[in-house]
Amino acid sequence: MFGKLFGRDAERPVADLHALPVPRRPKNGVYALRALGDARVLALVEAADAREWEAVKEALVPFDLGRDHSVLGELADLDGVQHWIGRAVQEDKENRATALLISGARHISWGWEARTSDRAVNVTQEQWRVFHERLEIAEEQLIEAAELRPDWVTPWRRLLTSGRGMSLGPAVNETRRDAALRRDPLDLEIHIEWVSQLQPRWSGEPGQALAFAREAFAGAPDGHRLGCVIAMAHIEEWVESDDRDCLQHPRIRTELREAAERSILHHSYERRLGWQGDYNIFAMALSLAGSSKASNVFRELDGVFTEWPWTFMADPQKAYARFRKAF
């Protein structure tokens with residue numbers, strides 16, 4: 001009734017039905033996004049943390065794990081999953097593909113935890129051994145998951161990551177990229193994985209990643225989140241460069257602003273589960289470019305911080321807070 005009296009719908013938007021309450025904020029107003037900000041995802045994470053496979057399956061019902069990279073990522077990054085998911089792989093024949101997908105994704109994250117994010121020359125032989133051991137398990141499991149569910153795209157994204165880590169070479173990784181894009185030609189996470197693959201530190205050539213990103217986004221409809229691939233390509237260029245101000249060029253600022261306006265800031269953009277991650281990508285890229293458009297993005301985020309892609313900085317959350325304050 002009161003909604004009608006004041007000219008608005010009395011019902012809450014569907015997107016907010018499962019939203020987690022905003023936590024108590026620190027003085028700088030910044031807080032990390034928890035479980036994609038969704039109560040259903042939180043229930044899934046808590047079930048996995050409790051090692052309750054039946055509860056995990058029940059919590060997965062609202063999601064399509066074969067296409068939702070963000071939800072899979074919540075499980076892949078959860079410490080301890082590797083200790084019990086193998087039993088589900090062996091015993092639950094009906095849901096074997098799902099268990100394989102979760103286990104494979106977790107083994108990749110677990111492998112990188114062993115390797116660390118240090119430069120390759122600083123990684124010990126023992127770290128390399130454990131890293132490859134875990135990635136080999138991930139490869140086997142993800143390939144089987146992809147065979148069992150040929151419609152899924154998420155196994156292929158993770159196989160691109162493991163293929164890069166194991167240095168399987170361009171022929172293998174290009175085949176995996178093509179397999180993924182046949183299933184979803186506009187999948188953002190696949191494109192971001194390939195942008196990483198094309199970096200000089202992974203044997204790519206300067207300029208390749210940005211050219212790939214531009215071509216991909218040119219074919220996307222207005223309002224599509226694929227615009228984030230432009231922002232991510234520029235962030236990767238900043239990571240590769242010795243010049244911390246390399247993005248502060250009028251041409252780059254213009255490209256990033258136009259990409260933001262045609263993607264996340266476009267009226268057709270859909271704030272799907274985990275949309276804050278898209279905004280954080282643009283927040284970082286626009287900030288590094290010194291674009292005033294960053295203020296629009298930070299305003300929409302209202303203090304919500306996601307680790308990616310700020311992990312490229314020494315203290316991710318402090319970097320986010322610093323840029324947010326500057327704009």
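Which residues of helix 11 (residues 208-218) are buried? I looked them up: Ala209, Leu210, Phe212, Ala213, Ala216 and Phe217. For my own notes, buried means under 20% relative accessible area, exposed over 50%, and partly exposed in between (1.4 Å probe, protein chains only). Helices (H or I, at least four residues) and strands (E, at least two) are DSSP runs, numbered from the N terminus.

Ground rules before I go on. This is a predicted model, where local features need pLDDT of at least 70, side-chain atom pairs count only at pLDDT 80 or more, and totals for chains, interfaces and linings use all residues. Residues are numbered from 1 along each chain as its sequence is written, and side-chain values use heavy atoms, with hydrogens and water left out.

**Helix 11, continued.** I looked down the axis of helix 11: its buried residues fall within an arc of 160°, so they line one face of the helix. The arc is that of the directions from the helix axis to the C-beta atoms. An α-helix has 3.6 residues a turn, so residues three or four places apart point the same way. On the face of helix 11 turned away from the buried side I found the exposed residues Glu215 and Ala218. The buried residues pack against helix 10 (188-197), helix 12 (228-240) and helix 13 (250-262), with contact meaning heavy atoms within 4.5 Å.

I checked phi next. Ser203 sits in the loop between helix 10 and helix 11, and its phi is near 75°, a positive value in a residue other than glycine. Ser203 is exposed, at 70% relative accessible area. Leu36, in the loop between strand 1 and helix 2, also has a positive phi, near 60°. Leu36 is buried, at 10%. I also noted a cis peptide bond between Trp308 and Pro309, with omega about 5°; Pro309 is in helix 16 (residues 307-310).

**Cysteines.** How many disulfides does the structure hold? I got 0, counting a disulfide as a pair of cysteine sulfur atoms within 2.5 Å. Cys228 is in no disulfide, and the nearest cysteine sulfur, that of Cys246, is 19 Å away. That is too far for a bond. Cys228 is buried, with a relative accessible area of 0%.
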